[in-house]
Amino acid sequence: MSVFVGKNSKVIFQGFTGQHASFHAEEAIKGGTKVVGGVTPGKGGSTHLGLPVFHTMEAAMQETGADVSAIFVPPAFAADAIMEAIDAHIKIIVVIADGIPVQDMVRVKRYLIGHEAIIIGPNTPGIITPGECKVGIMPSHIYKPGHIGVVSRSGTLNYEAVEQMTERDLGQSTSVGIGGDPVNGCDFITVLNAFEKDPETDAVVMIGEIGGPQEVDAALWAQTNMSKPIISFVAGISAPPGRRMGHAGALISGDADTAEVKMNRMEELGMHVVRNPADIGETVEQVLSQLKSKSTKQAVTV
Amino acid sequence: MNIHEYQTKELLKNYDVTVPAGRVAHTISHAGSVAEDIGGSRWVVKAQIHAGGRGKGGGIKLADSIEEVQKLSDQMIGSRLVTHQTDNTGHLVQRVLVEQAFNIEKEFYLGLIINRSSQRITLIASSSGGMDIEEVARETPEKVIKEIVDPAVGLHEFQCRKVCARIGLVDKHMQAGVKLMKRFYRCFRDKDALLAEINPLALVEGDRLVALDAKMTFDDNALFRHPDITDLRDFDEEDSKEIEASGHGLNYIALDGNVGCIVNGAGLAMATMDSIALHGGRPANFLDVGGGASPEKIANAFRIVLEDPSVKGILLNIFAGINRCDWIANGIVQAIRDQEIRVPVVVRLAGTNVEQGWVILEESGLEYIKATKLDTAAKKIIEVINEKEQ
């Protein structure tokens, strides 16, 4: 088991014939991901990487019955591509693009209401269930099948945390990048909820950063809705206010946006907060061993 | 991207939001003639810089004569204005906005933001005009009124009436308030703004609602569809090194420490800074080299970081995903060979092809300190800097 994507997922690439999409589709196929085709408007009817190309998502869905879409179109056209995927009733939409206008995402989120799709991203390395399915641009060799769910806003910090876990032989059930934008497709809570319901996930690592309320919102939600332990870190304790730290969403614009305030609040709400990013793997190990020695959930300060 | 007050007001005027009669002036004589054109007996002279807090910093002053307008403009133009939002050297004032002055009856706050909880545009209003809204929210949260906009239908009149009623913009003023809010919202939506404030929105003599001060921030990612906004960019208001870095595809932000940082990915870059701070060091900058970190990018990153004289050591932290460590290592070799590196460098590599990366660095004969973990990398750079300083 896993969340959102697994060995039976059928993946369609939107913007399939582009350079990045081609490279990452090939990588995914090599790793065993079931890529069933792609969409490039104007190139329908041809084949690419030995797979069928369609003009529209509607046609792609009719022919392939895909359940996951990997969107590799440029930021200016991404909102339209996401809505096309929603309209085609696909289940999971992964948006890699960095630089989608915020108000485009506001409209996309409105359009999503009443549909079942889950949007992962934008501005994300994607999602991977190690050994089963990879939809994104992450280096798959650092991941290892296992029982830790990972959810993060940042890409490379996700890699950092995953490497610390894999080194300690702690594999991952699924790793989800929700992305670094201020308006993202799905929030921490959606992913935590999926991990809570996944029998193969024992604990969750949640990596946030400065800006926005979603880490604390997640902690509030988890306090009453999660039985599995959450190990968390918030990047940007040394970031100055008022400056956008790379990610469009990483901006301290008020007191509640700082890493310090977020981490203190998350700790109060029962998360295992790691203050040093180098200690993520070690903390997961400690929390798991405590979990093994006591079958019931208990609060532990790290 | 930020723009000046006078530019924001011109933009709002195009949307029929009432702003004071006034024009921007670059010279003292021009400031005088603007005041003459406006007429009346009282004017405001406002220094045009992007930072807030201009009033307290002495950048907004009243004048009762044309001579005084000229005198104040003379004081402001060419001076450096320091406010709580600038560093202690301030910003160079290159122009002033000369406007008619009003007798104010009542002041309000009006703002539009993208609310990150609701993920929608949100109208914010308060009867406490002229004050910092963050402060109002802290001291008297009940005075901050919020109305969330459904993007499918836009800001509705009933929502504006609700807001007007709650901030006390009532009786004969309500209709004017509703119209102004709708125009303000349309401007925000059309131009892909991220933040807009009219503060204060003033009720002045003659029962008019006037935007006395206004600021707007636009979404950099949407500028491709707004050439008119792009044209308003004032490079003098931005950090020249940050502009140069972005020209090379690097995201650089200067900080006040002495440990230079070169990292791939925004999250890892922040975590690297955090790690340095945690071990008692102070990062000199945030620098994200991005996904495709070519040798040229790495070389430019070294150059930009080293231009900061306070940098006493560099921590390069790369976790290669789509990048490859061997490729990064070639970039480091090229960078260090082509320029004089006057400070110790700690290199931490991880991820794709990490072994090949180390081989390239070792065979190059370069002087660097190797680290395989984030934590040890941060400790080592602080140690060497401390040793050198003793």
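Accessible areas come from the Shrake-Rupley method with a 1.4 Å probe, and for residues only the protein chains shown count as cover.

This is a predicted model, in which local features need pLDDT of at least 70 and side-chain atom pairs count only at pLDDT 80 or more, while totals for chains, interfaces and linings use all residues. Residues are numbered from 1 along each chain as its sequence is written, chains are lettered from A in the order in which they are written, and side-chain values use heavy atoms, with hydrogens and water left out.

## The two chains

Chain A contains 9 helices and 14 strands, and chain B contains 13 helices and 18 strands. Helices (H or I, at least four residues) and strands (E, at least two) are DSSP runs, numbered from the N terminus. The table sets out further values for each chain. In it, buried means under 20% relative accessible area, whereas exposed means over 50% and partly exposed lies in between (1.4 Å probe, protein chains only).

| Chain | Span of the C-alpha trace along the principal axes | Buried residues |
|---|---|---|
| Chain A | about 60 × 40 × 30 Å | 61% of 302 residues |
| Chain B | about 80 × 50 × 40 Å | 55% of 390 residues |

For chain A, the radius of gyration is 19 Å, which agrees with the value near 19 Å for a compact globule of 302 residues. This radius is taken over C-alpha atoms, and the globule rule is 2.2 Å times the number of residues to the power 0.38.

Contact means heavy atoms within 4.5 Å. Among the contacts in chain A with a separation of 6 or more, 72% are between residues 24 or more positions apart; the corresponding share in chain B is 67%. Chain B exposes about 16,600 Å², of which carbon and sulfur atoms supply 47%.

Charged side chains occur in both chains. Chain A has 23 positive and 33 negative side chains, and the centres of the two sets lie 2 Å apart. Chain B has 45 positive and 56 negative side chains, with 4 Å between the centres of the two sets. Lys and Arg count as positive and Asp and Glu as negative, while His and the chain ends are not counted. The place of a charge is taken as NZ of Lys, CZ of Arg, CG of Asp or CD of Glu.

## Helix H4 of chain A

Helix H4 (residues 102-112) of chain A has 8 of its 11 residues buried, so it is largely enclosed by the rest of the structure. Among these buried residues are Val102(A), Met105(A), Val106(A) and Leu112(A). The cover includes helix H3 (75-87) and strand S7 (118-120) of chain A, and chain B contributes strand S7 (104-115), strand S8 (120-126), helix H6 (174-190) and strand S10 (193-204). Gly114(A), which follows H4(A), has a positive phi near 90°.

## Selected residues

Glu5(B) belongs to helix H1 (residues 5-14) of chain B and is buried, with a relative accessible area of 4%. Its side chain makes polar contacts with the side chains of Lys46(B), at 2.5 Å, and Gln48(B), at 3.0 Å. A polar contact is a pair of N or O atoms within 3.5 Å; within protein, one must be able to donate a hydrogen and the other to accept it, and residues adjacent in sequence count only if both atoms are side-chain atoms.

Asn158(A) lies in helix H5 (residues 156-167) of chain A and counts as buried at 2% relative accessibility. Not counting residues up to four places away in sequence, the residues it touches include Tyr143(A), Ser175(A) and Ile207(A).

## Backbone features

Most residues other than glycine have a negative phi, and most peptide bonds are trans. His89(A) has a positive phi near 65° and is exposed, with a relative accessible area of 61%. Gln119(B) has a positive phi near 60° but is buried, with a relative accessible area of 11%.

A cis peptide bond joins Gly121(A) and Pro122(A), with omega about 0°. Another cis peptide bond joins Asn199(B) and Pro200(B), with omega about 5°, and Pro200(B) lies in strand S10 of chain B.
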